[in-house]
Structures are given as structure tokens and as C-alpha cells.
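Please read it with the structure open.

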Amino acid sequence: MNNLASSPVATPSARTGTPLVEMRDIRIAFGGVHAVDGVSVDLYPGEVVGLLGHNGAGKSTLIKILAGAYRPDSGEIRINGAKADIGNPRDAKRYGIETIYQTLALADNVDAAANLFLGRELMTPWGTLDDVAMEAATREVMGRLNPNFRKFKEPVRGLSGGQRQSVAIARAIHFNAKILIMDEPTAALGPQETAQVAELIKHLKAEGIGIFLISHDIHDVFDLADRVSVMKNGKLVGTASTADVTKDEVLGMIILGKSPPGAVAGPGASN
Amino acid sequence: MSDTTTAPPAPTSAPKGAPATAPTTFVGALEIDIRFLGMIGALAAIWIVFDFLADGTFLTPRNLWNLSVQSSSIAVMSTGMVLVIVMRHIDLSVGSILGVTGMIMAVFQASYLMPTFGFNNPAVMALTLVAGIAAGAAIGALHGFVIAYLGVPAFIVTLGGLLVWRGAAWAVAQGKTIPLTDDNFKLLGGGADGSIGATWSWVVAAIACLAIVFAAIQARRQRQRFHFPLKPLWAEVVTISVGCLAVVAATLVVNAYTLPANLARRYAESAGLTIPPEGISISFGYAVPVLVAVAVGIVMTFITTRTRFGRYVFAIGGNPEAAELAGINTKRVTLTVFALMGALAAIGAAISTARLNSATNAQGTLDELYVIAAAVIGGTSLAGGSGTIAGAMIGALVMQSLQSGMVLMRVDTPYQNIVVGIVLVFAVWIDTVYRKRFK
């Protein structure tokens, strides 16, 4: 892929000023297991940060803290430089944080529009659900994301993997997200759909949206990301600009926990 | 966020993206729920078979009228059970809640309201109902609190509730049967007085037909607002006609059930009516409990399909984790659903105590099973996430039809139970096959 050439151009200029997100020394334990142990990451506007690590490294847990699904035991989250108190998913959304979960988190028994607006339904002046308005908005946004999408009246259970994915993405971008979290966004997709998601990420990035891209597979994210942060056993191995490190070095970070010279080593680095 | 809280302006052209294709098939054009149609068909089949087996005594105005009254209490409660089951919970305590709230209403009425307000003061009925519904909602809310916030499974909490509230029903009056004293309240039980008569029944029918037409026009306007394809006009006409015909047919049936001649004469004399030489015919018309049940059904359908709360109940049933991540307060919704169930059990209690003219501590025993069976026969999936209010009410009617049909055939109670049990399992099996085949 040739986007390697284009992405570093944005990198140096993008990382100036106040970070969009700063997570400082985040810790959370579940029954004695330190799922996330003193991790610090940040994200700037218009930047894509890849969050890498093996399954069980603590990536998803870290990101669920930012999304409001878990409350950290300690640590600080700053949004645009100001301390943020994120206690539940509703708070996170108020800060403009939208999440596309690995599981997609769709209610299978209701249709695309109901999922897109779940928790933020459009209402008529009489306080009832405005299903027609929601369907119209869904048609509009899906028309941009996935022009072949037709199944507006069907429960999302009946949708293909790619279609379900586009519903989940539509939900995240429809509400003017400033910070987008994508947890394994291409895990369930074919090559063509994966390319579409890559295009979408570049487009969103150009609009100044900060994106956390989570994956256990380096190839999914290396070309799209401006920086990568690698986690291992709940700790941060290190953070590096993708321009300064090679794929092999990043692989070494993931597998061995070895922080290369081009990276800023974290507390989890083995060297 | 700002552009999401208010409805966007109506687009001037058809929505971009996928053009919505107009339905092409007959059934598609009518937008019929095939499943619901199947249930109506099953009910019709049951009625016809029983009429045949019971020598033509089933499909009589009198029996159908009784059937409607007998189904009311279970039908009211089954609407709440739909929401409970959709959320992947169960409520085994509704029969006991019915017992205790019935007792509370009767005692409150006899011991406090009557002495305060006097005989047949309208306030007595209103306050009795308010007290009963509040008590039912409080009991349900307590269950919901333990389930949602303390994390005890609904099966256990409501199994405990089944024992607790049955015991409480006994404790309220130390096992005594409490007679109802207020005549207005007794109207809720149906009977000759608790029916609205021929004229008012036609008024109700006319209002129902107008409502059907209005709903169709409203739905059409909504779709026009966004330039969505409309239902073909003939399909609208067919749907409206079928709805109105059903209303008219039901009205004809309840009006065909008349007071026996000598009772009619006595009634007319006491009311000071002049009796024509050919005798007088006084129709029952719709019974009050049936109207209550229908009203509850409409309100509950509105709640499930048109409000945020209803949408959340279904979303939680479909994927609790997704609902939580979408920012829905799932605990509060759970608590509310159980409170609503308790309130509906109290309405069921008002109907059944009024019908029996008294409250006993055994009232509503085993009702939880009939209510659950009605919801499940009506297409509510125990796996959660799907079910309809109308289906559950038809389910209640199916259950009652089986019982009253067997009574007409003089089948003994133990054998009735055997049949009802088998039918329940059979109905769910059919539904399972249908879901696998067509979903």
C-alpha cells in the first residue's frame, strides 16, 4: 500500500498544541489481575494512533475506560487539556468520544435506524419516537458509507458482517465524533470492505478527528497509523512514530516487549 | 450533538443512498404480520372445533361475551409480562401480587374509604384503584430493585415474591374473605351492571373505527414527510376495512347477548322505562373489564413501540451489553419494567376482585403461569428481545378459550390442565419451527 508515503507528512505538524486525549498512569484491576497497569497514551487532532498488543494485553480494557464502560482504579484522563470525568458511556459521548466495539455492540433484534440512534433517539414534538425521521437520517448516512445497503426495515440480525460493521461505523460518525475509538474494525471484513474502512479512516483524519485504532495485527494498522503504542501484560512497552520504526521493530515490541531506539520506552519495556 | 436532539428538516428530495423500493407482493403491500395472522387463525380454529365438539354452545354471543370478560384479568397482566420476558427476565409473583393488592384494595375500601366518604361515593372507587395500583407498583419496584441493583436473578426474586406476597395476602385480613362494598368499583368486574349497553357499545365502535382511520392517515403523512414510498391506496383501504369490520362484528356479538326476558322486564321497571307490548330486549354490550383490558393493551402497545422506554426494553433484551454501552441506564429500565408489571397485576386484581365481589387470600393462585403462558403463546420469545402486546392478549384469549371450551364439553378440571399443558408446549414448538424456517 502506498499510504506510507502520505501519512508521515501529516505527523509532525499534527502533533503540536494540546493533545485531544491524554490518559495518564491509568490502572485497573479485576480480582487481583492488573488488566491495565500504569499506562499513559495520548492522541492529537487529526492523528491515528494504533494501539497494539497480543490478545489479553489490556488494549480493549484501556479503551473501554476511555469509552466510559469501566471506571479506572486510578489515573487521569484529560480531554483538550481539561480533566475529564468519564463515569459511564453517556459521559464519554458528551466529550465527543465514539466507539466502534469489536463485538459491534448492536442490538440484533431491532433495525439499523434503532441501533444508530440507540440512546439518542430522535423524538417528535409529542415526545414519541420519530421513527420516520430516524430512518431518513439512517438512509442518508448509510448512503454515504455503504450505498448498496437496502435492509433498513430488517432487524440487524439479518445483516451480513460487513453491513453490520457499517451500521456500527455509521453510529459512531453520525454524531460528530471528535475522538473515535475503533476496536479491531476490520476483523470481520473481507479485503474490499477493509480497504473501504481504510479510506474512511483517512477521510475522518483529514477532518481533524483523532482516532485510536486497536488491533492485535500490526499489518492492519501500521500503514494507517501515525504512531503506535504497544501494550504487553497490561503495561505500556512503548510509543513510536511509525516513521521512526520498522514493522519488525514493532513486532519485537509486541512479542518480546523490547522497545527499539526509535520509540519512547514505557514501564513495560523489557530492555 | 446539537443536530441530533432535534429532528432534521425534511429533505426536499428523496433520501440519498438506497432508494426504497415499493413493495411488490400482496402481503408485502398490506404490511401484515404473518405471525399475528397465524395466531388469529389458530384462535378461529380453536373456536370452530370447540363449537363443533360442544354442540354449538361455544360460538354463542353469551359464551363469547363471557370469554371476553374471563380473559380480561390475564390479558391485562400478560401485557406487562411481555416486557419482562423481552428483557430476558421472568415474573413468577404476579398471581401473588394480584392476591395481596386485591386484599389491600378490599380492606382499604371497607375499613377506611367507606367510613370516610360514605356509600357509593365516586371517590371511593378512584382511591381504591389508586391505592391498589400504587401498592402493586411499589411491590414490583422492590422486586426490580433487588434484581437490577442487587443482582439477584429475577427467577429467584419473584419466586420469593410468590411466597411472600401470598403470605402477605393472608396476613392483611388474617385469611378472612373481604366483601366489596362499593357498587362503582364492582362495575370493573363486568356482569349486567358492569356493561355499557348497546348504544354506548356503538359509540365505542365508532370511536375505534375513527381511530383506525386516523392512525392510517397519520402514518401516511409521516412517510410523505420524508418522501418514503407509500402503501398503495387499495392496501390502506383493505387494512382499514378489515379493522373496522372486526370492530363492528365484535360489537354485534356483544350486543346480541341480552338479558333474559324476565330480568330485562324487572330492570326496565326499576329504571322506569315503558315496556312495549312485544317485550323488551336489553343488550349487555361491551363489559367494562374488557374495555379496561383493551385500553391497557393500547397504552402498552404505545409504550412499547412509540416511546424511548419501550425501545430500550427491546434493545436490552436484544443485547444487554450493547444497550449499556449505548449509554442506556439498564438498571433503571429493569426496575421500571417490574414496577409496571406490579401495577398491571393490581389492575388485574381490581378486575378479578370486582368480578367475585370480594377479595380472598387465594385469589390469583397459579395466575402467573397463565400469564406467562399467554405471553409465550402470543409469540414472546423466552430468549428475550421479541414479543408483541397484541400477541400476548390473543394468547390470553387462546388460553381462556381452551378452558371455557372444555368446561362446555364437561371435561373435568384435571383433564383440562393436561390439555392446557400440552397445548402450551405444542404452541411453543410450532413457534420454534416457524422461527427457524422463516427468520
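In chain A of this predicted model, A:I97 has A:I179 in β7(A) as its bridge partner. The two strands concerned, β6(A) and β7 (residues 179–183) of chain A, pair in the parallel sense over 4 bridges. Two strands count as paired if DSSP finds at least two bridges between them. Helices (H or I, at least four residues) and strands (E, at least two) are DSSP runs, numbered from the N terminus.

**Basis of the model**
- This is a predicted model, in which local features need pLDDT of at least 70 and side-chain atom pairs count only at pLDDT 80 or more, while totals for chains, interfaces and linings use all residues.
- Residues are numbered from 1 along each chain as its sequence is written, and chains are lettered from A and ligands numbered from 1 in the order in which they are written.

**The seven-stranded sheet of chain A**
- β6(A) and β7(A) belong to an open sheet of 7 strands with mixed pairing, ordered β6-β7-β8-β3-β9-β10-β11.
- At its edges are β6 (97–100) and β11 (263–265) of chain A, each of which pairs on one side only.
- On average, neighbouring strands of this sheet are turned by 20° against each other, direction ignored.
- Helix α6 (residues 161–174) of chain A lies across β6 and β7 of chain A and runs at about 175° to β6(A).
- Axes here are lines fitted to C-alpha atoms, for helices over the stretch in contact, and angles run from 0 to 180 degrees between N-to-C directions.
- Helix α9 (residues 247–256) of chain A also packs on the sheet, where it touches β3 (48–52), β9 (227–232), β10 (235–241) and β11 of chain A.
- The direction of α9(A) makes about 25° with that of β9(A).
- Contact between two residues means that their C-beta atoms, placed from the backbone, lie within 7 Å.

**The four-stranded sheet of chain A**
- Another open sheet in chain A has 4 strands in the order β2-β1-β4-β5, with antiparallel pairing.
- β2 (33–43) and β5 (82–83) of chain A are the edge strands; each has a single partner strand, so one side of each is left without a neighbour in the sheet.
- Strand β1 (residues 21–30) of chain A pairs with strand β4 (residues 74–79) of chain A in the antiparallel sense over 5 bridges.
- Within this pairing, A:M23 stands opposite A:I77 in β4(A), and A:R24 has A:E76 as its bridge partner.
- Helix α2 (residues 59–66) of chain A packs on this sheet and touches β1, β2 and β4 of chain A, with its direction at about 115° to that of β1(A).
- β1(A) and β2(A) run antiparallel and are joined by 8 bridges, including one between A:F30 and A:V33.
- These two strands form a hairpin with 2 residues between them, and A:G31 in the turn has a positive phi of about 50°.

**Chain A as a whole**
- Chain A has 9 helices and 11 strands.
- Its C-alpha atoms fill a box of roughly 60 × 40 × 35 Å, taken along the principal axes.
- UniProt, in an unreviewed entry, lists residues 21–258 of chain A as "domain: ABC transporter".
- UniProt positions are given in the numbering used here, feature names are shortened, and annotations may be inferred rather than shown by experiment.
- Over residues 21–258 chain A is 33% helix and 26% strand, and the end C-alpha atoms are 26 Å apart.

**Where chain A meets chain B**
- Contacts link 33 residues of chain A with 32 residues of chain B.
- On the chain A side, α3 (89–94) and α5 (131–145) each supply at least two residues.
- The largest share of that side, 8 residues, comes from α5(A).
- By class, the side of chain A that touches chain B has 19 nonpolar, 5 polar and 9 charged residues.
- Ala, Val, Leu, Ile, Met, Phe, Trp, Tyr, Cys and Pro count as nonpolar, Asp, Glu, Lys and Arg as charged, and the others, Gly among them, as polar.

**Chain B**
- The secondary structure of chain B comes to 18 helices and 2 strands.
- The C-alpha atoms of chain B fill a box of roughly 70 × 60 × 45 Å along the principal axes.
- The axes of helix α12 (residues 288–306) and helix α13 (residues 308–318) of chain B come within 5 Å and cross at roughly 70°.
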